[in-house]
Amino acid sequence: MSNEATLPPMSRLVEGLAPSGIRRFFDIAAQMPDVISLSVGEPDFVTPWSICEAAYESMKAGHTHYTSNSGTPEFRRAVGNHLKKLYGVSYGEDEIVATIGVSEGLDLAMRTLLDPGDEVIVPEPCFVSYTACISLAGGVPVSVETHAKDGFCVSVEPIERAWTKRTKAILIGFPSNPTGATMPREAMQGIVDFARRKNLYIVSDEIYDRLTYDSVHTCVPSLRGARERTILLNGFSKAYAMTGWRIGYACGPARIIEAMVKVHQYTIMSAPTTAQIAAVEALKSESDVRAMVTEYNQRRRFIVDGLNKIGLDCHMPQGAFYAFPSIERTGLTAEEFAERLLREEHVAVVPGNAFGAGGEGHIRCSYANSLEKIQIALQRMDNFVKKQRNASTRQTAAA
């Protein structure tokens, strides 16, 4: 008989944490032949060679040791210069920490800001890690729904209604994963003004900032009154095709970053030296970023046009590399649609409810894939929707 049954229970918090809805469908798809995956938010491009070469040369030179907890001075200076050039927001070296992607930055921010029971307002649908990281830090996520009719933007009014005396912070991520929404500068300024009135922190995940198509990205700490209360999270995974390098950064007032580094030094020590060196080179690779954005933009228009022709109503995403069509006309739930599409047509998408209750009735389709594969996926989705429509018609006739 196993001794496992006699062990004490594990953390109730962790036991009650739902597994990622993204990874579940990815794992199922990995066991099936001939699957076209539109499920995982990872560029299909490989890291540009100039970045890889810089990392390779650094290893040849023996740069394989720890860096300071906050990251190398070169990395932090490069990030500061980059943000100053793009958005006119200035950060010193003591206001930047190198992290293991935005994921660690988000975890550090929540554990640094929150005491048990503190509330964090989160517009939904949102990335799956947001509410989980809040909960793991002892906080309470408070959801504010966004809607397709508004382009999945969030206005200040529902945030005001969600506020209580326990509210500590607002967590936002634009361009949005999963909806591809971006926020107009004026609307974001309204949220900042509310945070100032209520003395709230803002945590802004801007990992998709460079993947903005028809407008200019709004960098939250560049807004009036935002910098002193904002933790900016960003990284290199998406725009630079560096998901496997696991390198990102958090920026904010020195007092907050110093506190985040205290948690960071006991859990991570320092971000990988090689990845930091590669990231410095990446910030010089603007032509590569522009080329990838041009390709994503072409795919964006192609997939949205295709989804609408199929009958899956889809707004035009303004950023990131996701389409978020409605599947309500099919009469299926998001889970049913995604699972049956995978089993019957070998196309993997993510059910919208994986990103919060507000995502029900939608699916997330990543267009970080070749046009050829997207076209095949759309053909298979068309077959599936037609079969579902015919089945519904037969059921209606039989009734």
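Biologist: Why is the pairing of R300 and D214 called a salt bridge?

Modeller: The rule asks for a side-chain nitrogen of Lys or Arg within 4 Å of a carboxyl oxygen of Asp or Glu. In R300 and D214, the N to O distance is 3.2 Å. That value lies within 4 Å, so the pair is called a salt bridge. One caution: this is a predicted model, where local features need pLDDT of at least 70, side-chain atom pairs count only at pLDDT 80 or more, and totals for chains, interfaces and linings use all residues. Side-chain values use heavy atoms, with hydrogens and water left out, and residues are numbered from 1 along each chain as its sequence is written.

Biologist: What makes R299 and D44 a salt bridge?

Modeller: Their closest N and O atoms are 2.9 Å apart. The limit is 4 Å, so this pair qualifies too. R299 sits in helix 11, while D44 sits in the loop between strand 1 (36-37) and helix 3 (49-60). The two residues are 255 residues apart, so the pair counts as a link between distant parts of the chain. Helices here are DSSP runs (H or I, at least four residues), strands likewise (E, at least two), numbered from the N terminus.

Biologist: How many salt bridges does the search find in the whole structure?

Modeller: It finds 24. Across the interface of domain 1 and domain 2, the rule finds two.

Biologist: What are these two domains?

Modeller: Domain 1 covers 3-47 + 287-389, and domain 2 covers 49-282. The bounds come from an automatic or database domain assignment. Their C-alpha centres lie 24 Å apart.

Biologist: How do you know that domain 1 and domain 2 touch?

Modeller: Contact means heavy atoms within 4.5 Å. By that test, 37 residues of domain 1 meet 37 residues of domain 2. The two domains also bury about 2900 Å² between them, 62% of it on carbon and sulfur atoms. In domain 1, T47, Q318 and F355 lose the most area to domain 2, together 24% of what that side buries. Buried area is the accessible area (1.4 Å probe) that two parts lose on being put together, summed over both.

Biologist: How many residue pairs are in polar contact between domain 1 and domain 2?

Modeller: The count is 16, with both residues at pLDDT 80 or more. A polar contact is a pair of N or O atoms within 3.5 Å; within protein, one must be able to donate a hydrogen and the other to accept it, and residues adjacent in sequence count only if both atoms are side-chain atoms. On the side of domain 1 that touches domain 2, helix 1 (12-15), helix 11 (286-310) and strand 9 (322-323) each give two or more residues. Helix 11 gives the most, with eight.

Biologist: Why do strand 9 and strand 12 count as paired?

Modeller: Pairing needs at least two bridges found by DSSP. Strand 9 and strand 12 (residues 363-366) have two, so they pair, in the antiparallel sense. A323 stands opposite C365 in strand 12. Three strands form an open sheet in the order 9-12-11. Strand 9 and strand 11 (350-351) are edge strands, each pairing on one side only.

Biologist: What makes P125, P175 and A241 worth a look?

Modeller: Most residues other than glycine have a negative phi, and most peptide bonds are trans. A cis bond joins E124 and P125, with omega about 0°. Another joins F174 and P175, with omega about -5°. A241 is not a glycine, yet its phi is positive, about 55°. A241 lies in the loop between strand 7 (230-235) and strand 8 (248-251).
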